[in-house]
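Here is a short tour of one protein chain, written for someone meeting structures like this for the first time. Keep the picture open while you read, and look up each residue as it comes along.

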Amino acid sequence: MPIYEYACAECGSGFELLRPMRDAGRSQPCPECDAEAGPTVPTGWNAYTYRDGNPRLLPDNGKFRHLGHEVSKPYTGGTGSPLQHPEVTKPRPTRAPSVEEAEQYAHKRELQRNADLERGGIVERTEVEGERREFLRRLRAPAASQRDARVTRRIAADTERKDAAVKQQLRTEAKLRQQRHKETR
């Protein structure tokens, strides 16, 4: 059975009673003055209060809660996932790619170029283009050493140059196919 709070209007005292739910709304005699005391809204019935549509723990210290962390303002949307509040999820500092990462990137691009040449055309892949943009963005970050920076930039430049050459070659082949197709008509 739940505990309900009652307040007496005659003497001003308050008391609690363990009552069945069906009797919760009925008034009870006051233990102090024997007058009828009506039920009141409990003072500690909820651990949260809502302000601006967001739950706040009581006592309210002016902070908002986001996935167990205190933040100064609620998540309002914008870029990124709603699970990543800007105050909770700090962006990792960008680091330049190592020589090994640059070589892996160049090898992966070489395999993709070969596949494109075998197919006779470039297949647009959004994840590959995203990886390419991310790698080129990381190239602008400061490297651990000058030598590493020169080597990774050279590998990236060679890779981009080869990609451009393959694209040009495929465009030329496509134009030749179109001309042959026109001539056979």
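## Glu131 and its partner

Glu131 is partly exposed, with a relative accessible area of 36%. The side chain of Glu131 meets that of Lys108 in a salt bridge, at 2.8 Å from N to O. Lys108 lies in helix 1 and Glu131 in helix 2, so the pair ties together parts that are 23 residues apart in sequence. Lys108 counts as partly exposed too, at 38% relative accessibility.

A salt bridge here is a side-chain nitrogen of Lys or Arg within 4 Å of a carboxyl oxygen of Asp or Glu. This is a predicted model, where local features need pLDDT of at least 70 and side-chain atom pairs count only at pLDDT 80 or more, while totals for chains, interfaces and linings use all residues. Residues are numbered from 1 along each chain as its sequence is written, and side-chain values use heavy atoms, with hydrogens and water left out.

Glu101 is partly exposed, at a relative accessible area of 24%, whereas Arg138 is buried, at 17%.

Arg147 forms a salt bridge with Asp148, and their closest N and O atoms are 3.3 Å apart. Arg147 is exposed, with a relative accessible area of 51%, while Asp148 counts as partly exposed at 23%.

## The whole chain

Now step back. The chain has three helices and eight strands. Helices (H or I, at least four residues) and strands (E, at least two) are DSSP runs, numbered from the N terminus. Along the sequence, the pattern reads β-β-β-β-β-β-β-β-α-α-α.

Of the 185 residues in the chain, 23% count as buried. The accessible surface of the chain comes to about 13800 Å², and 52% of it belongs to carbon and sulfur atoms. These areas come from the Shrake-Rupley method with a 1.4 Å probe, and for residues only the protein chains shown count as cover. A contact means heavy atoms within 4.5 Å. Among contacts between residues at least 6 apart in sequence, 35% join residues at least 24 apart.

Helix 1 has 21 residues and reaches 30 Å from its first C-alpha to its last, close to the 30 Å expected at 1.5 Å a residue. That expected span is 1.5 Å times one less than the number of residues. Which residues of helix 1 are buried? They are Val99, Ala102, Tyr105, Ala106, Arg109, Gln112, Arg113 and Asp116. Seen down the axis of helix 1, these buried residues fall within an arc of 145 degrees, so they line one face of the helix. The arc is that of the directions from the helix axis to the C-beta atoms.

The buried residues of helix 1 pack against helix 2 and helix 3. On the face turned away from the buried side, you will find the exposed residues Glu100, Gln104, His107 and Glu118. Gly120 follows helix 1, and its phi is positive, near 85 degrees.

## Helix 3

Helix 3 covers residues 146-184, which makes 39 residues. From first C-alpha to last, helix 3 reaches 57 Å, close to the 57 Å expected. Its buried residues include Ala149, Ile155, Asp163 and Leu170. What do the buried residues of helix 3 pack against? Their neighbours are helix 1 (99-119) and helix 2 (126-139).

## A loop residue

Asp34 lies in the loop between strand 3 (28-29) and strand 4 (36-39). Its phi is near 70 degrees, a positive value in a residue other than glycine. At 60% relative accessibility, Asp34 counts as exposed.

Methods
Buried < 20%, exposed > 50% of the residue type's maximum accessible area, 1.4 Å probe, protein only.
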